[in-house]
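Dear colleague,

I am handing over the structure we spoke about, and below it you will find what came out of going through it. Please read the text with the model open beside you.

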Number of protein chains: 2
Amino acid sequence: MALIVQKYGGTSVGTTERIKNVARRVARWKAQGHDLVIVVSAMSGETNRLIALANDIQANPDPRELDVVVSTGEQVTIGLLSMALQEIGVPAHSYCGWQVRVTTDSAHGKARIQSIDEEEIRADLSAGKVVIVAGFQGVDELGHITTLGRGGSDTSAVALAAALGAEECQIYTDVDGVYTTDPRVVPEARRLKTITFEEMIEMASLGSKVLQIRSVEFAGKYRVRLRVLSSFEEDEGEGTLITFEEDENMEKAVVAGIAFDRNEARINVKGVPDKPGIAYQILGPIADANIEVDMIIQNVGENGTTDFSFTVPRGEFQRSLTILRDVQAHIGAAKIDANDKVAKLSIVGVGMRSHCGVASTMFRTLAEEGINIQMISTSEIKVSVLVDEKYLELAVRVLHKAFSLDQED
Amino acid sequence: MALIVQKYGGTSVGTTERIKNVARRVARWKAQGHDLVIVVSAMSGETNRLIALANDIQANPDPRELDVVVSTGEQVTIGLLSMALQEIGVPAHSYCGWQVRVTTDSAHGKARIQSIDEEEIRADLSAGKVVIVAGFQGVDELGHITTLGRGGSDTSAVALAAALGAEECQIYTDVDGVYTTDPRVVPEARRLKTITFEEMIEMASLGSKVLQIRSVEFAGKYRVRLRVLSSFEEDEGEGTLITFEEDENMEKAVVAGIAFDRNEARINVKGVPDKPGIAYQILGPIADANIEVDMIIQNVGENGTTDFSFTVPRGEFQRSLTILRDVQAHIGAAKIDANDKVAKLSIVGVGMRSHCGVASTMFRTLAEEGINIQMISTSEIKVSVLVDEKYLELAVRVLHKAFSLDQED
């Protein structure tokens with residue numbers, strides 16, 4: 001008998017039928033003698049509906065009031081799930097963020113959890129009740145409603161698991177775990193039994209949207225065992241356990257998986273005077289316009305000039321170019337070369353640290369297929385390359401095979 | 001410069017366009033130098049949508065959880081209205097029931113307000129902000145969300161006006177005041193400049209659904225000046241002021257208005273043994289089945305038997321008859337005569353107290369039109385009659401003329 005926190009996302013509670021399915025699954029865990037705290041998101045589509053209402057009124061809705069409006073989505077789900085549990089004879093109590101005092105800072109729309117008051121939750125659990133908590137929301141010191149930002153329900157679940165010292169935090173989603181790569185691209189893609197936190201963070205930030213990255217960081221910080229499971233299969237199986245590398249003694253594969261992201265556009269500023277402060281002069285105006293820059297590369301220059309490259313989300317491509325035309329004149333750059341038909345592909349694995357040759361295997365494999373690499377960027381546990389978008393699927397398939405990701409580890 | 005509480009109902013905030021209209025109206029009042037506290041309902045249709053979701057899960061939803069779900073409707077509106085005010089340059093802050101501590105008892109779905117914490121509201125008003133409060137909802141001593149029942153937003157507004165000592169509580173609705181009768185039936189129906197609380201309560205309970213009756217009682221108890229106004233006209237005019245009879249020195253008309261209700265069904269239990277306890281034996285099982293009885297009449301009996309009549313809502317007619325068939329055998333009543341094609345019509349006015357002849361004028365007028373009266377019931381300020389439904393419109397029209405209700409008072 002253990003204390004388990006389970007989180008069900010928007011598609012898992014997207015209809016009243018699905019909410020009933022979640023209730024039956026929770027009841028099965030309860031029947032095994034576990035104490036359960038359930039965190040839920042808004043029914044799928046609901047948050048977007050609420051944001052659309054707000055946008056009808058204000059192009060840039062007041063952040064405090066937007067939180068008041070959008071936090072209702074999760075509030076509806078907690079009530080409905082509690083009813084569904086009671087309907088099948090499982091006692092349950094629902095709580096909004098402010099009721100169990102999920103205290104956050106006052107950064108509306110992207111608030112950070114500071115503390116959770118566990119007293120009432122413990123009392124309910126002792127009384128045999130399932131406790132249901134609205135994800136994504138909290139309350140600041142002044143009693144104003146806050147939200148944690150998109151995907152914040154994962155973070156709510158991890159924070160609750162940390163505060164309650166739960167045995168495990170189970171994230172139920174529409175996939176049954178973390179895969180070596182997207183099975184729609186590589187049918188041989190295999191579900192990983194375990195993945196380390198560091199790998200998971202790289203996979204998540206690289207476009208493998210299984211978990212919200214902040215929740216993974218949070219879990220790492222507070223040493224919460226996270227497990228990703230499917231809410232759409234009758235038997236959820238074992239999913240993928242996200243482990244602390246240091247804690248686990250198992251032989252790790254060199255490469256855990258391949259992530260990719262089509263939402264990239266490349267901008268190459270050529271013939272830039274090679275002097276201090278030039279990177280800031282180029283990226284400063286981009287950052288001021290709230291455009292998120294992903295890869296950044298600057299090569300050693302020659303003849304007093306250098307080339308400076310970076311990538312931005314595709315939706316920001318035109319806006320970035322407009323900004324850069326001003327910058328170009330100002331810094332005296334020779335020309336701007338840009339391309340929004342590119343994709344980023346990354347191999348990720350903590351095993352890389354001790355195995356040299358991973359990058360060279362990657363480059364050789366791509367070269368053998370005639371795929372040109374436009375940009376390269378590396379970290380301790382990943383190698384990312386930018387390639388022409390039309391070669392993406394091919395590149396993922398050949399690399400999946402080259403690193404034997406289709407073989408059981 | 002006065003403190004005014006305004007309440008806008010579901011149709012007044014039914015779309016984002018209408019919410020913007022409400023914001024412009026509030027801004028006009030604010031520009032006149034008033035302090036404003038605004039109470040809003042859920043957008044029309046929203047409460048029903050939420051109840052339907054709950055009913056999808058539980059035929060009889062858990063009352064605590066139903067309150068969690070349905071209270072989100074008002075929460076969405078307060079956020080949107082606050083945005084709409086800020087969009088036109090009027091500073092505003094929204095509050096849920098729990099945030100300004102509208103403390104209620106724990107009777108979920110029909111909670112009663114016990115206290116309101118005015119501190120934060122006063123601070124916002126002093127800072128020049130418009131304060132927006134979610135109607136219909138509160139929080140109990142344990143911190144659970146409660147709701148006040150259908151139409152509870154009116155009660156929220158009156159309670160806030162009482163707690164804050166507001167100059168006036170203005171109820172904005174889809175009609176521009178209280179009329180002498182329904183203008184759809186009598187085109188000559190006239191808007192009343194004033195109506196007394198007692199008359200308003202009789203009009204409200206008799207099917208004139210302008211205000212929720214509990215809010216009127218509440219206003220009477222705490223001496224809150226209530227005004228009914230239209231939110232659909234550019235210039236709201238003066239609406240109808242609901243006065244305390246004792247406070248106003250004006251000459252009152254004998255009859256203030258005519259109310260009617262088609263939702264009536266008559267049941268007549270004939271040949272009942274005329275002995276103590278018989279009323280209870282008939283109505284007890286009806287009350288146990290949660291059927292609300294309206295008019296009740298028992299005449300003096302003869303030959304040891306009497307007739308016992310009462311009315312129930314039309315939707316409960318068949319269920320009532322089923323129950324009564326058992327009762328009939330048990331008490332030995334001769335027969336049951338019943339009719340669900342009846343309507344109740346009432347003339348209301350505090351002036352009746354000092355003017356005899358009101359009832360006889362009513363009966364004579366109906367007789368002249370050949371309209372048979374099936375049941376009669378009276379109170380100090382009203383006379384109600386039950387007639388065949390097909391004569392209802394005719395009856396209302398001739399009585400409206402007979403009591404000169406089309407003339408300015």
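This is a predicted model: local features need pLDDT of at least 70, side-chain atom pairs count only at pLDDT 80 or more; totals for chains, interfaces and linings use all residues.

Leaving aside residues up to four places away in sequence, Ser230(B) touches Arg25(B), Tyr172(B), Thr173(B), Val175(B), Asp176(B) and Glu236(B).

Turning to chain A, eight strands make up an open sheet of mixed pairing, in the order β3-β6-β2-β1-β9-β11-β12-β10. The edges are held by β3 (92–95) and β10 (194–196) of chain A, each of which has a single partner strand, so that one side of each is left without a neighbour in the sheet. On average, neighbouring strands of this sheet are turned by 20 degrees against each other, direction ignored. Within the sheet, β1 (residues 3–8) and β9 (residues 168–173) of chain A pair in the parallel sense over five bridges, and Tyr8(A) stands opposite Tyr172(A) in β9(A).

Helix α5 of chain A (residues 119–126) lies across β1, β2, β3 and β6 of that chain, and runs at about 130 degrees to β2(A). Ile121(A), Asp124(A) and Leu125(A) are buried in α5(A); seen down the helix axis, the buried residues of α5(A) fall within an arc of 100 degrees, and they therefore line one face of the helix. These buried residues pack against β1, β2, β3, β6 and also α6 (152–164) of chain A, whereas Glu119(A) and Ser126(A), on the other side of α5(A), are exposed. Just after the helix, Gly128(A) adopts a positive phi of about 85 degrees.

As for the two chains together, chain A is superposed on chain B by a rotation of 180 degrees with 0.0 Å of shift along the axis, at an RMSD of 0.1 Å, which is the relation of a two-fold axis. In chain A, the C-alpha nearest that axis belongs to Thr72(A), at 2.7 Å. Of the interface residues of chain A, 100% are also interface residues in chain B, so the copies meet through the same surface.

Technical notes:
Residues are numbered from 1 along each chain as its sequence is written. Chains are lettered from A and ligands numbered from 1 in the order in which they are written. Side-chain values use heavy atoms; hydrogens and water are left out. Two strands pair if DSSP finds at least two bridges between them. Helices (H or I, at least four residues) and strands (E, at least two) are DSSP runs, numbered from the N terminus. Axes are lines fitted to C-alpha atoms, for helices over the stretch in contact, and angles run from 0 to 180 degrees between N-to-C directions. Contact means heavy atoms within 4.5 Å. Buried means under 20% relative accessible area, exposed over 50%, partly exposed in between (1.4 Å probe, protein chains only). The arc is that of the directions from the helix axis to the C-beta atoms. Copies are superposed by least squares on the C-alpha atoms of residues with pLDDT of at least 70 in both.
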